[in-house]
Amino acid sequence: MLNHIAQRLAMSVPVLLGVLLFGFLLLQLVPADPAAIVAGPMASPELVEQVRKDLGLDRPIFVQFGIYLSRVLQGDLGVSLISNTSVIAELGEAIGPTAELMFACLVWAVPLGIALGTIAAVYRGRLLDRIVIAISVAGVSTPVFFIGLILMQYVGYHWGLLPFIGRGGPLWSAEGLAAIALPALTLGLVFIGPIARMTRTAALEVLSTDHVRTARAKGLSERAVVMRHVLRNALIPVVTLIGLQAGYLLGGAVVTETIYSWPGVGRLAVGAILASDFPLAQGAILVLALAFLIINLIVDMLYAVLDPRVDKHG
Amino acid sequence: MADITAAAPVASRPLKAFGRRILKDKLALLAAFILLFIVLAALFAPWLAPFDPYNTTRRPFIPPIWSEGSLPQYWLGTDGQGRDMLSRLLYGTRLTLVMGLASIVIGGGVGALIALLGVYYRRLDPYIMRAADILLSFPAILLGLALAAVVGPGLTAIVIALSIATIPDVARITRSAAIVIMGQDYMEAGRAMGLPDRTLIWRYLALNCLSPVFVFMTLRFGQIILIGAALSFLGLGVRTPEAELGMMASLGRDALFFAPHISLLPSLVIIAIVLCVNLLGDALRDLLDPRMRNQ
């Protein structure tokens with residue numbers, strides 16, 4: 001399993017380099033001369049040249065990329081063009097809320113999606129199955145922003161049940177929970193469909209295998225068959241799917257954060273891009289890409305835990 | 001010899017069978033009709049639109065005809081800038097469909113082509129697949145954000161991002177289909193006959209793996225529309241005054257509580273398009289994958 005994880009880690013290196021290269025190129029777009037900015041408005045031309053040398057801006061571009069890499073590794077992502085604060089500080093404040101939102105979404109959407117998918121498979125062809133299929137087809141066909149706008153309009157505004165602007169506080173406080181309810185509901189609703197669908201397909205496949213027939217022949221109760229023999233095997237493709245859908249989750253989070261003014265990385269990225277704040281945009285996109293890689297890595301580890309075969313081949 | 005060449009060729013049977021099947025499948029038939037209706041409406045938008053979609057001289061926030069305070073000449077009301085909603089929806093659907101089609105054609109074309117070349121010229125295969133793996137690691141929404149940051153928000157950024165995001169998946173599907181075809185006798189026969197590579201790749205290989213790739217691209221088309229609309233919604237796509245469904249939905253956000261139609265109508269059109277595409281794609285897949293059909 002360690003081997004397997006190491007292999008996956010090695011595979012993410014070129015991706016990470018690609019993302020960093022992109023971040024570096026984005027910084028080249030900053031319209032002003034960075035040396036002049038660092039030297040300050042009153043600096044003499046000689047001083048600007050000196051600063052340019054100190055910063056390595058007169059060196060070939062790949063050396064500059066190397067300098068950029070070492071700076072990023074030290075946690076220096078530059079300074080926002082708009083707010084003039086360090087990018088890493090702005091990101092630091094935004095990462096928590098984004099992680100919170102994703103957690104609050106997954107914690108209810110994944111179990112519910114798996115449950116719905118399993119129910120559909122067990123009652124295959126009957127009304128319950130059809131309802132689950134309809135829900136999941138509708139789910140994968142609906143834009144996140146539509147769900148967000150509807151929930152906001154009815155639950156938030158007309159019925160006044162839950163707050164719908166910003167973050168209320170930490171997750172464990174009552175205000176925090178109330179504030180995260182609608183964003184988490186929005187993001188989760190689009191996520192249930194694909195999970196339920198995949199679980200259903202996987203569970204149907206397992207239900208028709210010999211070992212399930214054996215389990216039934218042994219006289220196990222249907223509940224035990226489903227829980228012990230079907231679900232565990234069906235979970236393997238479902239976990240993979242969640243990994244593949246990580247991009248989907250990330251995209252949903254960006255839209256959800258924007259709709260609910262949730263102070264996360266996605267909203268920060270969109271705002272920075274629209275304001276041409278290149279350093280901040282670079283930092284935010286870097287963090288989102290990193291989040292994507294980490295989610296996939298976690299999924300890979302889960303995969304190895306669930307599927308013992310990975311061990312031998314890994 | 002003539003018989004062998006005749007064996008290679010593309011099956012027209014699946015299409016006919018699909019036609020027969022879709023007539024039986026009422027849901028897919030309904031989806032096909034609605035989609036056709038939407039596509040035609042978008043295609044003929046300049047002739048169908050009752051008003052100029054950019055004209056802002058009307059009263060803003062007129063509700064659609066089923067609500068109180070509506071005006072009979074504006075069926076779907078007006079938006080916050082006093083533009084006729086129906087006209088804008090027609091033009092917006094047009095741009096949304098163009099965005100999706102352009103992305104799927106460019107991305108799907110490139111993806112399928114590199115996969116075919118990889119399967120045919122074995123030496124290229126590992127490099128192409130490794131590149132596809134790396135591309136696969138970038139989710140479409142991230143590519144969209146990144147490209148919008150570099151080239152500035154706009155339709156171009158979105159289409160490039162969606163195309164790139166389509167390449168690796170289509171390449172994988174094409175590759176697995178093409179590998180099966182490569183093992184067929186008629187490939188060997190064609191080669192033995194001394195047919196040029198171009199003919200073998202195009203007539204023998206590409207045309208025969210068309211159907212699974214087509215099914216995949218259909219299902220993918222719905223996703224592409226959703227991602228594109230989301231990027232537009234975020235303000236990274238088309239700029240005002242141009243109309244695009246995702247961006248129209250975003251424009252109505254400020255008026256959500258007193259004129260919800262401005263946001264919700266374009267969202268509903270997006271749902272209709274994606275739902276119909278997904279239902280059709282599912283019907284197509286059931287047809288081509290016998291294992292799924294039996295379930």
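## Model and confidence

pLDDT is the predictor's confidence in each residue, on a scale from 0 to 100. The model is predicted, so local features are given only at pLDDT of at least 70 and side-chain atom pairs only at pLDDT 80 or more, while totals for chains, interfaces and linings use all residues. Residues are numbered from 1 along each chain as its sequence is written, chains are lettered from A and ligands numbered from 1 in the order in which they are written, and side-chain values use heavy atoms, with hydrogens and water left out.

The model has an ipTM of 0.85 and a pTM of 0.86. Chain B has an average pLDDT of 85, and 91% of its residues score at least 70. Helices (DSSP H or I, at least four residues) and strands (E, at least two) are DSSP runs numbered from the N terminus. Within chain B, confidence is lowest in helix 1 (residues 2-7), with a mean of 44, and highest in helix 5 (residues 85-120), at 94. Residues 1-11 of chain B have pLDDT below 50; beyond near neighbours in sequence, this stretch makes 11 contacts in the model, a contact being heavy atoms within 4.5 Å. Where pLDDT is low, the predicted coordinates should not be read in detail.

## The two chains

Chain A contains 14 helices and zero strands, and chain B likewise has 14 helices and zero strands. Along the principal axes, the C-alpha atoms of chain A fill a box of roughly 90 × 55 × 30 Å. The C-alpha trace of chain B spans about 75 × 45 × 35 Å along its principal axes.

A residue is called buried under 20% relative accessible area, exposed over 50%, and partly exposed in between (1.4 Å probe, protein chains only). Of the 314 residues in chain A, 49% are buried; in chain B, 51% of 295 residues count as buried. Among contacts between residues at least 6 apart in sequence, those joining residues at least 24 apart make up 72% in chain A and 70% in chain B.

## The interface

The interface brings 43 residues of chain B into contact with 42 residues of chain A. Together the chains bury about 3,600 Å², with 79% of that on carbon and sulfur atoms; buried area is the accessible area (1.4 Å probe) that two parts lose on being put together, summed over both.

A salt bridge here is a side-chain nitrogen of Lys or Arg within 4 Å of a carboxyl oxygen of Asp or Glu. The rule finds one across the interface of chain B and chain A. The side chains of Arg197(A) and Asp282(B) form a salt bridge, with N to O at 2.9 Å. On the side of chain B that touches chain A, the elements giving two or more residues are helix 6 (125-136), helix 7 (140-151), helix 11 (210-233), helix 12 (245-251) and helix 13 (261-288) of chain B. Helix 13 of chain B gives the most, with 12 residues. By type, this side of chain B has 29 nonpolar, eight polar and six charged residues, where Ala, Val, Leu, Ile, Met, Phe, Trp, Tyr, Cys and Pro count as nonpolar, Asp, Glu, Lys and Arg as charged, and the others, Gly among them, as polar.

## Helix 12 of chain A

Helix 12 of chain A (residues 265-274) has seven of its 10 residues buried, so it is largely enclosed by the rest of the structure. The buried residues are Val265(A), Gly266(A), Leu268(A), Ala269(A), Val270(A), Ala272(A) and Ile273(A).

These buried residues pack against helix 5 (87-122), helix 11 (246-259) and helix 13 (278-306) of chain A, together with helix 7 of chain B. Just after helix 12 of chain A, Ser276(A) has a positive phi of about 55°.

## Two buried residues

His261(B) lies in helix 13 of chain B and is buried, with a relative accessible area of 8%. Its side chain reaches the backbone oxygen of Ile62(B) at 3.2 Å, a polar contact being a pair of N or O atoms within 3.5 Å; within protein, one must be able to donate a hydrogen and the other to accept it, and residues adjacent in sequence count only if both atoms are side-chain atoms. Leaving out residues up to four places away in sequence, His261(B) touches Ile62(B), Pro63(B), Pro64(B), Leu76(B), Gly77(B), Thr78(B), Met85(B) and Pro266(B).

Glu100(A) is in helix 5 of chain A and counts as buried at 13% relative accessibility. Not counting residues up to four places away in sequence, Glu100(A) touches Arg167(A), Gly169(A), Leu171(A), Ile180(A) and Trp262(A).
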